[in-house]
Structure formats: structure tokens, C-alpha cells
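Open the model in your viewer and keep the sequence panel beside it. Each stop below says what to select and what is there.

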Amino acid sequence: MAEPAALSEPDTAGLAVSLRGVTKVYDTGVAALGPLDLDVRRGEFVSLLGPSGCGKSTALRLIAGLNAPSAGTVGVLHPAGRAKAAHSIGFVFQEPTLMPWTSVRENVRLPLKLAHAPAEEADARVNEALTQVGLAEFADAYPRELSGGMKMRVSLARALVTDPQILLMDEPFAALDEITRFRLNNDLLALWRNLRKTVIFVTHSVFESVYLSQRVIVMTSRPGRITAEIRIDAPEPRGEDFRTSPTYAGYCREVSNALAPSYSGQQGA
Amino acid sequence: MSFLQTPPSAEQATPDSRGLRLVRILLPIAVLAAGIAAWELVVRLNNIPPYVLPGPSAVFETLITDWPVLSLSLLTTLETTLEGFAAAAAGGIALALLFNQSKWLEYSLFPYAVILQVTPVIAIAPLLLIYLPPQTAVIACAWIVAFFPVLSNTTLGLNSVDRNLAGLFRLYGASRLQTLAYLKLPSALPYILGGLRIAGGLSLIGAVVAEIAAGSAGAGSGLAYRIAESGYRLNIPRMFAALLLLSAAGIVIYGLLALTSHLVLRRWHESALGKEN
């Protein structure tokens, strides 16, 4: 595992993640990403938006340390008193990625079990995480007994259970129906307001990115680069009112326009 | 003519599928009964002597009168099968785990596992009987036939781990042992159980092959040995009775392993779930 460099807290001025000149070239010689510079402040909600294959998921995996960059540096904030990057990052995949052979409770407990957390503390934190995503009653269910949206909530609870500073989400709601997606968007925003995590959210939905984020970063493909950065200055808390407001529509138009060049080069997209 | 069909409602489907299940049980039984009746009829009408072809009633009679001898042989064969199966299960899973941890070991040894598998065991058995004590040789035969499906299925299972789950384990800094115990083994479980199901039947075959090869070399007195012995003595009804017991043993072994597999997987694996879920 490629351990990202630790950001030392005093001199990084409240940054949670900092990428400098990061590139990723796969073994096949395909340049997937970069060079990419990206700073994310602590507590910020940032979306990476772009067409399929623009390297936004790759960027997320580099930040998580799941892959190593070909060049450049990846800096991730390590809160004092925590040894491993593992604990400062929670990751939500595109699929729920649950272990089908065990209960919801055991799935959520996994990160704590791997870190050898004391059983009592683990129990309490698992219950807390499940309550946060509204699944406390389903602790003993098996993943296959849950709906797609509920599975995603379990996945979110598992990411939250280590109380990470940074939450990385890789198109988590892409496979869900629109109604479920709206509900999970609202729940995610509520969680973010309460817990003030740093969230980096990868999506290919303009509407989702504008609704959720404080900042939308638009990427283009082959290799993935940042082409635009749009700040969403909408009042908090956001809710259904915001989703139907002219401000929201305006931002969506702005982001769509910024995204258009990324698609114009693609054939058959 | 209309192409529109109303789909059957749930209420209609249930008795239908229940009836179908009953038919699926009753049909083979009817075939069996018809077969036995025809066999008995042919033997009686043609006055065929029992040393040429015994009727089912004669076989059944022998099964009861020879039960003291046959039951002991059954126990011997079952013991060999069980020992061979246990060795195959342990050996196959252990070898797969080793291969999974070290590619070097896998590349070095896997071809030989394949060679051992493709060489007919009946040809290996006489050699084994030269170098090993008969009882050990018989178990070794059962092991040789049965370990490969366990090995290859377990290997397949260990390599079929969900990529994202593996990433998750890396993200949280899981050790090799943790990844093995909490991720790879549970993922591989359905495959391992499938391998064991095949290995159960094969270890019986291995035991029988070895017993026949051992023959009068005195490998105890298993059922296969009884069949060979009865053949020499033209005790055809006893041959059939012993064969019947072997078949029954195979069915029971398969059934038990299938049941175990179902009980272990029923809460989560697709293979063990009803279609309605």
C-alpha cells in the first residue's frame, strides 16, 4: 500500500488534502491523470465532476493510498494521535462493497476489527454509526436482505465508524433510483453539517454536484485534468427549496457549460 | 389467435410448483419400481439361475443374510473413504492457501498436482501398494483422487475476492492473516464447499479402486474387496448386494455434504437461496 505523505498540521493552513503535480500512468502506458494540483480545506465538501474515464476515481484512489502516483506528491492530513492513514480516511465505493457472509453490524465493525479496537468501544461506535445513517434496527440483517439504498447507507456507516477526518466517495449513489438518491443526498448533507468531515465526492451528475458541494471541480479526460472550478455559494442548510430554486438552476447551467468542452471531444459519448 | 398471455398469479404458481416437486420425486421412484419389477420378471420367466443373474429379491435376501459380513466391509470402506476425504480436504485447502500466499510455490508445484490428477489412479494404486502398507496405500489412493477438486476450487475461490473489498482491507491496513481470515476464506467458502462435494464421491471411488487393486494382498475387507472376492466365488447375489451398499454409501456422502453446504451458505449465498428470494 502506498502510504500518502503526512501533512504536518501547523504549516498547511487548514488543508485536509493537497495534491501537487500528481500524475498516474498505468502499466499499459495509458496516461490516466494529471498533472493535477488540488487543495481541499478541512471541513470542505468538494465534488470532482467529469465524464467517465476522466481520472476522477483514479484521483480518489490516489488520495486514499489505494494506488501510488506515477509522479507528484499526495498529502493527506493526519490528525494528532492517529498513526495510520487508514483511520483518517473513510472510503465509499461505487458499489456498496459489503461482505455478503455477515451481518450489517459486522460489516460496519470491520475497520475497527482490523485495527484491533477494544470490543466495548467498537460496539458503541458501530451503534453510533448505524444510528447516524438511520439503520440501527437493521444491525442484524444480512446485506442481501436490504435494498440498494440501505446497502449504500451501511457502506457509509462503515466509512464513518472510524470517525475519519476525510470522507472519499466514489460515485456512491450512481446506481440508485432518483428518489433514493435525493434522500441519500439530503442525509449526506445533514451528516456533513453535523460532523463537519472533509468530503471529496466523485460524480458524473451535474445536479448532484451542485446540490451537495461548496466547490465543484470539473475535469476533462485522457489524461484527467482540472478545467474549471466553480464555487457554489448557496445558503446553508440546503434542502428541497434549494433544489427547485433559480439559484440552483443557474449554478447547474454554469457547471454544465464548464463541462461541455470535456464532452465535445468525445465521440459516441 | 392471441399472443397476449396473462402471467400466472402467485396463488396459482404455488400449488403448481408444489405439484411439480412431487412429480420430480415420484417419477424416479416409479422408474425404479418398474425397473425392479421388470428385472424380477425377466429372471423368473426365463428361470435364470442366481449365479448368472440373481433377481432383486435374491439380492435383497443376500443383503439380509450376509449383513454381518457386509456391514463390517461397509464400515471398513467408509472408514477408508472418510480418512481419504479428510486428508484430501485438509491437504487441498492447505495447499491452496500456500499457493495463494506464495506465487513461487504455486508455479513450482501446481503442474505436479495436475499430473497427479490426470494420471489414472488405478494405474498408481499397484505401485503405492508396493511401497506403502495396504491400509495407508488405500487412503493415499483416496487422497490422490479427491484432493485436486478441493485444491482447484479453493484456489479459484481465493482468487475470486471482490476487488473493492480487497481495496478496503488494504485501506484499513489489514494484515495478511486478517485478510485471509476475514476476507479470502469467507469469499472462498462456497467454492471450497463445492470442491468438498466433489471430493466426497471421489474419495469413495479412490478407496474402491485401491481395494480392488490390493485384492488378496489383504487390504482389510472393504466392500470392493468383497465384490472382487465374491466374483471369484461366483457369488453373484453378494456382488450385487455389495454394489448396492456402495451406491447407497455414495448417495449418503453426497447428501450429507450437500446438506452441510446448504446449511452453511443459506443465509447469504445465491446458490443456497430459493428462487423466490
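**Before selecting anything**

Residues are numbered from 1 along each chain as its sequence is written, while chains are lettered from A and ligands numbered from 1 in the order in which they are written. This is a predicted model, in which local features need pLDDT of at least 70, side-chain atom pairs count only at pLDDT 80 or more, and totals for chains, interfaces and linings use all residues. pLDDT is the predictor's confidence in each residue, from 0 to 100. For the complex, the predictor gives an ipTM of 0.86 and a pTM of 0.82.

**Stop 1: chain A as a whole**

Helices (H or I, at least four residues) and strands (E, at least two) are DSSP runs, numbered from the N terminus. Of the 269 residues in chain A, 45% are buried. A residue is buried if 20 or more other C-beta atoms lie within 10 Å of its own, exposed if 12 or fewer, and partly exposed in between, with C-beta atoms placed from the backbone.

Now colour by domain, with bounds that come from an automatic or database domain assignment. Domain 1 of chain A is 1–79 + 167–173 + 189–264, and domain 2 is 82–164. Their C-alpha centres lie 23 Å apart. The contact between them takes 17 residues from domain 1 of chain A and 13 residues from domain 2 of chain A. Here, two residues are in contact if their C-beta atoms, placed from the backbone, lie within 7 Å. On the domain 1 side, β5 (71–77) and β7 (166–170) of chain A are the elements that give two or more residues. β7(A) gives the most to that side, with four residues.

**Stop 2: strand β4 of chain A**

Select residues 45–49 of chain A. Five of the five residues of this strand, β4(A), are buried, so the strand is largely enclosed by the rest of the structure. Phe45(A), Ser47(A) and Leu49(A) are on one side, Val46(A) and Leu48(A) on the other, and both faces are covered.

Which strands flank the selection? Leu49(A) has Thr203(A) as its bridge partner in β8(A). In β9(A), Val216(A) is the bridge partner of Ser47(A). Two strands pair if DSSP finds at least two bridges between them.

**Stop 3: the β2–β3 hairpin**

Select residues 15–25 and 31–41 of chain A. These are β2(A) and β3(A), antiparallel strands joined by seven bridges. Leu19(A) stands opposite Leu38(A) in β3(A). The hairpin has five residues between the strands, and Gly29(A) takes a positive phi near 95°.

Next, pick out Gly34(A), which is found in strand β3 of chain A. Is Gly34(A) buried or exposed? Gly34(A) counts as buried because it has 25 C-beta neighbours inside 10 Å. Leaving aside residues up to four places away in sequence, Gly34(A) touches residues including Val22(A), Gly72(A) and Pro223(A). A distance drawn between the C-alpha atoms of Gly34(A) and Gly55(A) comes to 8.4 Å, for residues 21 apart along the chain.

**Stop 4: where the chains touch**

Show both chains. Their contact takes 18 residues from chain A and 14 residues from chain B. On the chain A side, β6 (89–92) and α3 (104–114) of chain A are the elements that give two or more residues.

**Stop 5: chain B**

Select chain B and colour by pLDDT. The average is 87, and 91% of the residues score at least 70. Over residues 6–13 of chain B, pLDDT stays under 50.

Chain B is divided into domain 1 (15–47) and domain 2 (53–269). The C-alpha centres of these two domains lie 31 Å apart.

Finish on helix α10(B), residues 236–265. At 1.5 Å a residue, its 30 residues should span 44 Å, and its end C-alpha atoms are 44 Å apart, which agrees. The expected span is 1.5 Å times one less than the number of residues. Buried residues in α10(B) include Phe240(B), Leu245(B) and Ile253(B). The buried residues of α10(B) pack against α2 (56–65), α3 (67–101), α8 (176–214) and α9 (223–232) of chain B.
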